[in-house]
Amino acid sequence: MLSHTVEQLYGISEPSMDKYNNANSMDESTKEAAKKKRAAIKEAQKELDLFHKKAYDYIQARKLVKQESYYSNWNDIFTVKAEPETV
């Protein structure tokens, strides 16, 4: 599963945060501008949510692989080696 990308598996690509960031930085000084900003944020959030919903299994598998590599080194990281005693 992880040998393929999300796009190859599900036919979707990860959305860029640019659309969300641009919507967040929009002017909201008037009621109309605030309404447009809320609509733009909602649309960008909808895109992100759809991606995460469709790619959930892939994202979870990717997290597990990262955890496995971390925990496989657990003993090396946290084992305290006894230093020889000096007299």
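What share of the contacts in the protein with a separation of 6 or more comes from residues 24 or more positions apart?

## Overall layout

Welcome to this predicted model. The protein has 5 helices and 0 strands, and reading along the sequence gives the pattern α-α-α-α-α.

Now back to the opening question. Residues 24 or more positions apart account for 58% of the contacts in the protein with a separation of 6 or more.

## Inside the protein

Let us turn to the interior. The protein has 87 residues, and 16% of them count as buried. The largest nonpolar core has 6 residues, and its members are Val-6, Ile-12, Phe-51, Ala-55, Tyr-58 and Ile-59. In soluble globular proteins, nonpolar side chains tend to be buried together.

Leaving aside residues up to four places away in sequence, Ile-12 touches Val-6, Glu-7, Phe-51 and Lys-54. Val-6 and Phe-51 belong, like Ile-12, to the largest nonpolar core.

Tyr-70, Tyr-71, Trp-74 and Phe-78 make a nonpolar surface patch of about 440 Å². Two elements, α4 (56–72) and α5 (74–78), each give two or more residues to the nonpolar patch.

You will find Tyr-70 in helix α4. Tyr-70 counts as partly exposed because its relative accessibility is 38%, a value that lies between the 20% and 50% cut-offs.

Terms used
Residues are numbered from 1 along each chain as its sequence is written. This is a predicted model: local features need pLDDT of at least 70, side-chain atom pairs count only at pLDDT 80 or more; totals for chains, interfaces and linings use all residues. Side-chain values use heavy atoms; hydrogens and water are left out. Helices (H or I, at least four residues) and strands (E, at least two) are DSSP runs, numbered from the N terminus. Buried means under 20% relative accessible area, exposed over 50%, partly exposed in between (1.4 Å probe, protein chains only). Contact means heavy atoms within 4.5 Å. A nonpolar core is a set of buried Ala, Val, Leu, Ile, Met, Phe, Trp, Tyr and Cys residues joined through side-chain atoms within 4.5 Å. Patches are made of residues with over 30% relative accessible area and no salt bridge: like charges are joined within 9 Å, nonpolar side chains (Val, Leu, Ile, Met, Phe, Trp, Tyr) within 5 Å. Accessible areas come from the Shrake-Rupley method with a 1.4 Å probe; for residues, only the protein chains shown count as cover. A salt bridge is a side-chain nitrogen of Lys or Arg within 4 Å of a carboxyl oxygen of Asp or Glu.
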